[in-house]
Structures are given as C-alpha cells and as structure tokens.
Amino acid sequence: MNKAERDLRRRMKWWRRARVGMFVHWGLYAQLERGEWVMEKERIPLDEYEKLADTWKPKPRPARQWARLAKKAGMKYMVMTTKHHEGFCLWDTEQTDYNAAARGPGRDLVREYVEACREFGLRVGFYYSLMDWHHPDGWRCARDANSRRRFVDFTHACLRELCSNYGKVDILWYDIAAPLATPELWESAKMNRMVRRLQPEIIINNRSELPEDFGTPEGHVTAAAEGRAWEACLMSNGSWGYQPAPPEDWCSTRDVLIMLRTATAGGGNLLLNIGPTADGSVPQEATERLVPVGNWLKRNGEAVYGDMTRADWWTNAMHTGGWTQKGRTAYFWCWRWPGRRLALGAVHGTVERASLLATGRPVEFEQTRDRLVLKGLPRTSPDKTAGFTVIKLECKSRLWQRRGIGWTLK
Ligand code: FHN
C-alpha cells in the first residue's frame, strides 16, 4: 500500500465505521414547498425568485432539531446544502450578497448548522452545488472565457471560505458540475488541493468531475459496490427539498433498515435525506420513521457499525432475510419471521454459537453439510420496532453463502 492509499484509508476510517448519515436540503425553495428544482421546473423568472431571499425568515437555530433527530436515528454525520443550484449561499460570504447573513435570515445558517453538529457529536459535511442558476456567469461560463474565469474564481473563493471559517470540516459533498464539462475547466484538481490544504483530514466525493475519495450512487443502494468506498444517497419522501408528501410516499422504518442492510453488506454507507420546512422544522413524518430506526440500532448496531466485512454474496437477499458480517461473526437480519424454526441453505462455515443479537438469548441450531437450521425460536419475531430480528452467528471461520440451483439434481 503506498502513502496515498494509507492516507486515504486513515481519513476514511471513521466514515466507513459510521455507516449512516443525514442529508439536509434546505434553502429559499423551501418557502414554495415544491422541491429544490422549483425555480427551473416552473421557469420562475430570476427577479421574481430573488424576492424569496428577503422573505425567508427561519426560526432560531433549527439545525439543533435536525442534529437531535440524526443522533436519535443512529446517524453519525450530517451533510447540509451550503448552496444548492438556486445559488443562495447559506453562509456569510464575501463573494455575493445573495446570502443568508445579508438577506432575510439575517444570520449565518451554516455556522448554526456546524454548532449544532458539534453540540450533538456529529461529523460535519458541507454540500456545495457547482451548478449555480443565480450567478451572472453561472451559465455563460460554458461559452465565454472571461466568464469562466470569473465563475471559477467565485467557486474556488466560496470553497476557500467554507473550508477556512468553520473549524474542522469532515466531508465535502460536491454536486452537479454543470455547465463546465471537464475537471480542467472547473480547475477541480487545484480547487481540491486548496481544500485539502485547509482541511487535511477532509473526505471529498466524486462530483467535482474527479474520483477523489468515494462514489455517490443516487436513488438506489447498490449491493455491488464500486470497488472502493461508496455512499448511496436517497430521498425519504420523493423530494430532496421540502415538499409535503402523503404518508405512503415516505420511506418506512423497514425501508430504511433494508437500505441500511444492503449498504452495510455491500461495504458502503447510506446518506438519507430530510427536507426541512421554510422555518427549519423537521417534517413529523421524518421523525416518526427515523426515531424507530435509531431505537433498533441501539439494540442491533453491532450488525451495522464498525469494521464490517462484505456480505453481499449475491445481489438479493434470502426469502426470509439478509446478511451482514464482521470477521467471523455473521448477522442474519430476519425480516420474514418463519416461526419457531428457521432453515438457511447453502451456508458454508462452521457455526459455533447462535443467539438473538438484541438480547443475547442463545438459539439452538444444527448444521448438516450446507444446511443450517435454527430451532426453538420465538413463535413471532421478537423485534417489535420493525419486525427485523437479527440472529448472530459466531463461526469458526468466515461464513459465506453460495446459492446455486440444481444442487438437488446431483
Ligand atoms: O439536482 C440535485 C438534486 O437536487 C439533489 O441535490 C441531488 C442529491 O444528490 N443531487 C442532484 C441530482 O443528482
């Protein structure tokens, strides 16, 4: 392993072990309650949209509510939009007066967010949209050299402020590198060198047109990872920015746990979004679904956090549940409880001890060839939070499962 690989592994260690974070999309658009792309999708004229900068009056320190919920949900870091495509800066910037300190909010919302993260012991992530629909050069830069110079200088200056004025920043989450088509046009290598000089331990995602530290599959949790660190980012209700949604559009607690299991088994992370309302409140539906996730993780976090081993032996799970693994300990997340007896086929590796993870209650079992039968189980799933009971299997060697049809035909 060379120095760069050792450095990457060191910087990523806390992040890999953290497993799950909260994404927060918040900006002027929250006032319109139709998502973060409303300006573009409804072709709202810029002079009309800009009025939102002066009508936006968030309540005091809403980020504490987000951070408290993230903590309760078992999330270990947060990533908040410092500037989304609309171009409004949530921090006190010298680069434009289209910012929260100079306009409606009348204060530095990024600073409030950072303080809340630290108060609740959460790592700090900054989302930054390279695409900017407000800056006069934000679109012209693609066809005019002087415009590109001005816009790239603006972009680098914004990143310099964000990486200089808020203490330690743990994650930089770039988004949508449009309209400039290459990292050379963005001068991304120079920009990220500057970021790393200011924040030597920071980890950077792959959306400044350079691979950097981790991949960002979106809207799906790829069990097949990218051969390196990856983090699946997902909405919780069909919109990143605030938009009221019917209950059935919200990810359930079970949905979140299934996503978390897939990410963990695939060696990845999960970044789950909330879109606070204009005043900064967390939608009640998010709280109702995320607090139970945290309660479940309090009892079963051993199967998620820490140095997990890949357990995505095939893309989908068994008919009764799915695996995660940590060295010689395998965790079977049973989400379709079969009753007192659970049989698992094509299991390879000698099980030495079986127990219910949440309580430590031993479970009887017998193993014949590649068949593991767990017996004397409770009649119904012991987990009352989401019907996800995890069975812990301590093995002599690393357990694995190879499913292949035709085995009975031999
Ligand atoms: O256009 C954005 C979208 O609004 C949201 O911020 C997501 C989050 O990953 N990124 C872009 C779509 O990929």
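This is a predicted model: local features need pLDDT of at least 70, side-chain atom pairs count only at pLDDT 80 or more; totals for chains, interfaces and linings use all residues.
Which residues are buried in α11? In α11, the buried residues are Ala286, Arg289, Leu290, Pro292, Val293, Gly294, Trp296, Leu297 and Asn300. The helix itself runs over residues 284-300, and because 17 residues at 1.5 Å a residue should span 24 Å, the 25 Å between its end C-alpha atoms agrees with that expectation.

Two packed helices are described by the angle between their axes and the distance between the axes. For α5 and α6, the latter being residues 109-119, the axes come within 8 Å and cross at roughly 30 degrees, and the crossing is right-handed. On the α5 side the residues that take part are Ala63, Arg64, Trp66 and Ala67, and they meet Glu112, Tyr113, Ala116, Cys117 and Glu119 of α6. Sorted by class, this contact has 6 nonpolar and 3 charged residues, and no polar ones.

The strand β15, also from that list, is mostly covered, with 6 of its 7 residues buried. Its pairing with β9 is antiparallel and extends over 6 bridges, and here Ala330 stands opposite Leu393 of β15. β15 also pairs in the antiparallel sense with β12, residues 351-356, over 5 bridges, where Leu356 has Ile391 in β15 as its bridge partner.

There is also an open sheet of 3 strands, in the order β10-β14-β13, with antiparallel pairing. Because β10 (342-345) and β13 (364-368) each have a single partner strand, they stand at the edges, and one side of each is left without a neighbour in the sheet. On average, and ignoring direction, neighbouring strands of this sheet are turned by 15 degrees against each other. Between β13 and β14, which covers residues 371-375, the antiparallel pairing runs over 5 bridges, and the bridge partner of Glu366 in β14 is Val373.

Finally, I would like to point to a loop residue, Pro246, which is found between β6 (231-234) and α10. Pro246 counts as partly exposed because its relative accessibility is 35%.

How values were computed:
Residues are numbered from 1 along each chain as its sequence is written. Side-chain values use heavy atoms; hydrogens and water are left out. Helices (H or I, at least four residues) and strands (E, at least two) are DSSP runs, numbered from the N terminus. The expected span of a helix is 1.5 Å times one less than its number of residues. Buried means under 20% relative accessible area, exposed over 50%, partly exposed in between (1.4 Å probe, protein chains only). Axes are lines fitted to C-alpha atoms, for helices over the stretch in contact, and angles run from 0 to 180 degrees between N-to-C directions. A crossing is left-handed if the near helix is turned anticlockwise from the far one by less than a right angle, and right-handed if clockwise. Contact means heavy atoms within 4.5 Å. Ala, Val, Leu, Ile, Met, Phe, Trp, Tyr, Cys and Pro count as nonpolar, Asp, Glu, Lys and Arg as charged, and the others, Gly among them, as polar. Two strands pair if DSSP finds at least two bridges between them.
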